[in-house]
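Please work through each task before reading its solution.

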Amino acid sequence: MKKYQFKAIEEKWQKKWEKSKIFEVKEYKGKKFYCLEMYPYPSSSGLHMGHAFNYTIGDIYARFKRMNGFNVLYPVGYDSFGLPAENAAIKTKTHPEKFTNSAIKNFITQQKKLGFSYDWSRLLWSHDPNYYKWNQWIFLKMFEKGLAYRKKSAVNFCSKCETVLANEQVHNGKCWRHQDTDVEIKYLEQWFLKITEYAEELLKEIEKLNWPEKIKTMQRNWIGKSDGYEIIFEINGEKWPVFTTRPDTIFGVTFMVISAQHPKLFDIVSEKNKKDVEKFLKKIKSVSQKTQIEKEGAFTGSYALHPFTKEKIPIWVGNFVLADYGSGIVMGVPAHDERDFEFAKKYNLPIKQVVKPIDKEIKNLNEAYTSSGILINSKEFSGLYTEEAKEHIFIALNEKGLARKKTLYKLKDWLISRQRYWGTPIPIIYCNKCGIVPVPEKDLPVLLPKKVIFGKGNPLSTNKKFVNTKCPKCNGKARRETDTMDTFFDSSWYYLRFCDNKNKNEIFDKKKVEYWMPVDFYVGGAEHATMHLIYSRFILKFLRDLGLVKFNEPFTRLFNQGMIHGEDGYVMSKSRGNVVDPLDIVKKYGSDSLRFFLVSMASPDKDTSWNSLGIESSHKFLSNVFYFFLNIKLGKTKEKTESKINKTIKEVTENIENLNYNIAIIKLRSLFEEITNQEISKEDAETFLKLLHPFCPHLTEELWERLGNKNFISLEKWPKYDENKINKKFEEEDKIIENLYEDLKNIINIFKKTNKKFSKVYLYTIPSELNLFKENSKLLGKKINSEIIVFSASDPKKYDPENKSKKARPGKPGIYVE
């Protein structure tokens, strides 16, 4: 028997695909389909199993759509700028560019080994000046429109990264890259992008997206719209606006809390309390949107005047109020806010109840009462229900010029400044005479200099030739901006550049983008919900407003793949020793076996664990397919098999379309069982290969060729099913055999548990079903590793020592094992 030479087969077809360039596509050729995986960072360690899984999901869908007649754009590129490459280069004492180019070369080699059907002619990477030139161009357009601005701000700083982080990059007070590092506060001049200008549209458009609901919820919560009221409090003779959604609780205010990062904090800190406040500020670790922190603060020594009662309300500085949310100062209503209740208890502050439940009294508040109810202790507003009280209190304050309605968003402007080298230089020049001057478009790109010194602050500032320049306006002495852009900027629009990646004259051809965009199927991790996915939506909307695109959203359908854990059930990590290298599996079993197994374990959106027996089973199945087609007996297909083929076409088509790859594989295995050891027509043999092709492209190309075909199966048409040829009678018979197999397995398991041995299985059927069970006895016997003998229950010569034939029923034979 000829061995399944998967290595030779896979190398052969990878070379043929590359030489023939069959996956390269052109615009305007029929109905388009744009399939894309999230922009991958080219790690020096190469592909891990998560990569292999992610790209396999996308490739299966791209191949399926291609065979269904779509003009499929399926490109690949590399998110090659960023801190990991810079840090690794420093560690290995190589230049980040050399390090990154080597990593990309390795990544490409590995991706090709897995047989992904990318259009390699559209390859791009972020550190190519022809790419980041357009990052700079977008920035200049935003600066021109007033959407890019510079300000001094309290920012999140990671000491390990040695750079600033955006709010979205702080996870539970830690750096998103270094989970062991607390984020600190620094006050720096930084560049921001006004994503808040698009907050309402970003929120509204979520409803239209065909995305997982959890991602949509995460974006809604991050944008965090609040319709509320701005109430004026007087502090030291000055009017301070304070935002609240609960004006009905204004008579329950017993303290105020100002943000620890508020720019006017020390304007209200008394000399007596200055040391206490400064001591408290040293304890503060982050300005991120954290909720699970212990509420702490210090008294400022100042008071606010209550707008109704004129009572003096103490003002505290706290670690749980954001400087850039509302006015950075909030009312403390401990009786009706859990956070305020916790703070009041900690510092022994008064708690005054002003809302009670409609149907009962609360004598002692052991926790904050946050529900609606009836106002008490609220002067003339007592007795009103909370919702009507809000409006009445607002009107009373508004008439005095002390309140207005206001909508706030938790979403903050995008901080893009990074004090690192390996990123896009920000195209700004500082001139003592002219101030902030944008680099003229004709001078783009501002190239990243090759020579810098690491370990001495901002690396770009160490290259004086880069820093010192002339002002584009007055031609006087000037200096360049030495910060680089957040690398999430690179990935916020790359999907557009794939449509026209070689264009040197403009960011892209509008007609090409109009043809290909939006992305129809986007695959990637849920961890990007409030970073990459929200930034991409923002940048796309900005480019739309420039007139460059005519659509509102970049990704029509988003799919989040599950995680693959080690065989021990834990996340794969070197420290645990449970990492499975996909390239090791390819070497041992072949890439088709790996692809087939990865999507057969579970639904692609579910987490699952690696299984060594599973990969062996997948390889064995593909070996059997190979052997079957080597010795195939072409002839007339049986009616029952023809019915199964048409039913499988219908089911597998639906399964792949709905991303139920694991179910499709079960159906394909079942169909293969059906066609094994019998004659089958050439057309039906080809149909099986077409159905298997998206999962196992190399093997199916080889067997397709061996059937005498000259063209690529990759470019063949997906098979169509004939509903008239699907016979329900055969379906019912298949179900009977499936049920019998389950019964036999259960009986055999009982024998094994009791250490009983058996050599034969006897079946007793009703006379009309005798042929059905006889036809399937060999296949069933092979499955359970035992001989199966079938009798009619009415056969007088049958062997039936325990009279099991009496149990024979329609669809359920009697069973005797010995």
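**Exercise 1.** Which backbone nitrogen lies 3.1 Å from a polar atom of the side chain of H336? Describe the surroundings of H336 as well.

*Solution.* The model is predicted, so local features need pLDDT of at least 70 and side-chain atom pairs pLDDT 80 or more, while totals for chains, interfaces and linings use all residues. Residues are numbered from 1 along each chain as its sequence is written, and side-chain values use heavy atoms, with hydrogens and water left out.

Step 1. The backbone nitrogen in question belongs to V355. The backbone nitrogen of V354 lies 2.9 Å from a polar atom of the H336 side chain.

Step 2. H336 is placed in the loop between β15 (329-332) and α9 (338-347); helices (H or I, at least four residues) and strands (E, at least two) are DSSP runs, numbered from the N terminus.

Step 3. The relative accessibility of H336 is 5%, so H336 counts as buried (under 20% relative accessible area, with a 1.4 Å probe and protein chains only).

Step 4. Neighbours within four places in sequence aside, H336 has contacts (heavy atoms within 4.5 Å) with residues including R246, T249, A368, Y369 and T370.

**Exercise 2.** At what angle do helices α1 and α21 pack?

*Solution.* Step 1. Helix α1 (residues 6-20) meets helix α21 (residues 697-706) at about 85 degrees, their axes being 9 Å apart. Axes are lines fitted to C-alpha atoms, for helices over the stretch in contact, and angles run from 0 to 180 degrees between N-to-C directions.

Step 1. The angle therefore makes α1 roughly perpendicular to α21 (65 to 115 degrees).

Step 2. Among the contacting residues are W13 and W17 of α1 and P697 and L699 of α21.

**Exercise 3.** Which residues touch the most other members of the largest nonpolar core?

*Solution.* Step 1. A nonpolar core is a set of buried Ala, Val, Leu, Ile, Met, Phe, Trp, Tyr and Cys residues joined through side-chain atoms within 4.5 Å.

Step 1. In the largest core, of 88 residues, they are Y34, F139, W414, Y495 and L496.

Step 2. Apart from this core lies another, of 82 residues, including A62, F70, F688 and L699.

Key:
Buried < 20%, exposed > 50% of the residue type's maximum accessible area, 1.4 Å probe, protein only. Parallel < 35°, antiparallel > 145°, perpendicular 65-115°, else oblique. Polar contact = N/O pair within 3.5 Å; in protein donor to acceptor, adjacent residues only side chain to side chain.
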